[in-house]
Amino acid sequence: MKKVRFAPSPTGSLHVGNALSAVANRGFGDWLLLRIDDTDPARNVPGGDEELLRDLEWLGVEWDEGPVRQSERGERHVEAGRQLGERFEGVTLLREDGTPTYHLASVVDDVDFEITHIVRGNDHRPNEELHRRLFEALGATPPEVVHHGLILGEDGKKLAKRAEGATVASLRDAGIPPEAVRRYLYELGLPKHDVHYDLPRIRRLAIEAIGALSDRELAERVGAPLELVPALRGARDLNEAREYAASILEEPERVAVDSPETLERFRELLERGDDSADPKELVRELKAVGGDLRALRLALTGRDRGPELWAVVAALPHGEALRRIDAAL
RNA sequence: GCCCCCGUCGACUAGCGGCCUAGGUCACGGCCCUUUCAAGGCCGUAGCACGGGUUCGAAUCCCGUCGGGGGCACCA
């Protein structure tokens, strides 16, 4: 059985690079320990671990044990550190104040939790040798180590946390469905070399993820009634879908409309309620008589852009549509 | 400076000696659809870092060069 661990520092919302590690570990291991590496108080941000957990849950990454906080295992680390000698090969294992450093805490925990495989970013590669010797000094068999490439920004440097879409939270806030993020990270797999962050790719996957949602799921995520779904299709992310929903649900602001004939014609067709009640057919008829469809959209939604007009008409109850027409006239 | 990784279209990759005048996806460009922004459909531009080997044959194997990244902390 492959026992792996994902061990982020609680520095707030998960960086996509860390998320890559999380997904990679989940995909690689049979058993996953979630460990919070909080040995450096200076790095920890308040509430950082809760944010972390929330991000992992949102991504759908599940763990089998934990979260284990390293700060709670300090005594065990110190004990192991004494055993190894505080100047182990010239590397500091215990700080002057007696607290353990990352190297010590990480290896001791990996030993105690019987981790068999370590999957982590390239930035840890230089630690591999030291850690291997620490494992051996502790009388344990060093785990197999797999390093994966880092996610780079446009500048070719490690993606800054401030960069657009660099944190899981920012993607969630941008209305990207979790499936899209997970899929992107899954596609990257265990990159051998560093890779450029591809936000357009995530946006693409978001479109596909939304397309794959059933009507009911889409309505639920957007928080809109089921009848609105036809008008929601074509949105590129959940935020856009919410905006589409709002354009139909919200009372339009009072707008000046130039083409009363088109609105009146629309009202007639709607009231007649025969074949032309089919929204597509209705729009086609208005188009055939050279109607001002732009004015109609404006009257119905208060906006000059949005879902295709027939979808707006379909999503709007007739009574409400008539009311908005009257208000605009 | 030293150590470690890596190098196929703009991006992510397929390729693991002949099936490659290099395939896919995204991005980009064009057309269609849409009296809107999108979504969708069709078409297109574009790449094996360079130089030596090995071989009948190299994107694929070897060496060198160049390029990129990471590290050289009482940070993780």
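Helices here are DSSP runs of H or I with at least four residues, strands are E runs of at least two, and both are numbered from the N terminus. This is a predicted model, so local features need pLDDT of at least 70 and side-chain atom pairs count only at pLDDT 80 or more, while totals for chains, interfaces and linings use all residues. Residues are numbered from 1 along each chain as its sequence is written, and side-chain values use heavy atoms, leaving out hydrogens and water.

**Helix α4**
- α4 (residues 102-112) is mostly covered, with eight of its 11 residues buried (under 20% relative accessible area, 1.4 Å probe, protein chains only; exposed is over 50%, partly exposed in between).
- The buried set is H103, L104, A105, S106, V107, V108, D109 and D110.
- Those residues pack against β1 (3-6), β2 (31-36), α3 (74-84), β5 (91-92), β6 (117-121) and α5 (127-137), where contact means heavy atoms within 4.5 Å.

**K3**
- K3 sits in strand β1 and counts as buried because its relative accessibility is 15%.
- Leaving aside neighbours within four places in sequence, K3 touches W31, F113, E114, I115, T116 and H117.

**The sheet**
- Three strands form an open sheet in the order β1-β2-β3, with parallel pairing (strands pair if DSSP finds at least two bridges between them).
- β1 and β3 (65-69) are at the edges with a single partner strand each, so one side of each lacks a neighbour in the sheet.
- Four bridges join the parallel β1 and β2.
- F6 stands opposite L34 in β2.

Terms used
Chains are lettered from A and ligands numbered from 1 in the order in which they are written.
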